[in-house]
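Have the sequence and the 3D view ready.

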Amino acid sequence: GIFMVLKSHGVSQRAIFDTRITNWYFFEPDCAALPSACSFNSAELPTGKTPLFAQGDIKSAFYQVRIPSNLSKYFALAPVRAGGVGLATLGGITQLSPETLVTPCLTVLAMGWSWSVYFMQEILQPAAVRSAHTDDPRIADKEIPKPYHSSKELRHGGYADNCLVFG
């Protein structure tokens, strides 16, 4: 199933997939190294350093990441009539009757799938490291941030599709 929720700005909607049954087919993912308010609060800037912040958001991030085609079957919706969704051909080749039942399958990361946040974090982490121009000054939950060795060092914290770089 699928349901919609308003995004934080209250204008557009976010599609959330009910993947409780799908999640049973997969092992639990490793915990993603996500930041928390406590971990950000523990970061200390060198004395006299003016704090600088930059924030980024990847628009519709989960829906920009394709999944392998063999996983799509786990994210199938109920069959619908081709004519009901304006589908006349399939793959540009097969002519469909309006009464033909077709099964829509998601081809991107489903918000709600237990592995989606893990994969997004694995994609975001290297990008955040590149944006901070250092090895891995990550801010993560239950970790004490590394001390600054230079006034030019930056730290970053990423959460699935958002990143904060500061220093």
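Rings of Phe, Tyr and Trp (its six-membered ring) count as a pair if their centres lie within 6.5 Å; planes under 30 degrees apart are stacked, over 60 edge-to-face, and the rest tilted. By that rule, the structure holds eight aromatic pairs.

A quick word on the model: it is predicted, so to speak of local features takes a pLDDT of at least 70 and side-chain atom pairs count only at pLDDT 80 or more, while totals for chains, interfaces and linings use all residues. Residues are numbered from 1 along each chain as its sequence is written, and side-chain values use heavy atoms, with hydrogens and water left out.

Back to the rings. One of the pairs joins Trp113 and Phe119: it is tilted, at 6.0 Å centre to centre and 45° between the planes. Here is how accessible the two partners are (buried means under 20% relative accessible area, exposed over 50%, partly exposed in between; 1.4 Å probe, protein chains only).

| Residue | Relative accessible area | Class |
|---|---|---|
| Trp113 | 5% | buried |
| Phe119 | 33% | partly exposed |

Both belong to one aromatic cluster, along with Tyr25, Phe26, Tyr74, Phe75, Trp115 and Tyr118.

Now the core. A nonpolar core is a set of buried Ala, Val, Leu, Ile, Met, Phe, Trp, Tyr and Cys residues joined through side-chain atoms within 4.5 Å. The largest one has 19 residues, and Trp113, Phe75 and Ala110 are among those touching the most other members. Leaving aside neighbours within four places in sequence, Ala110 is in contact (heavy atoms within 4.5 Å) with Phe17, Thr19, Phe75 and Ser116.
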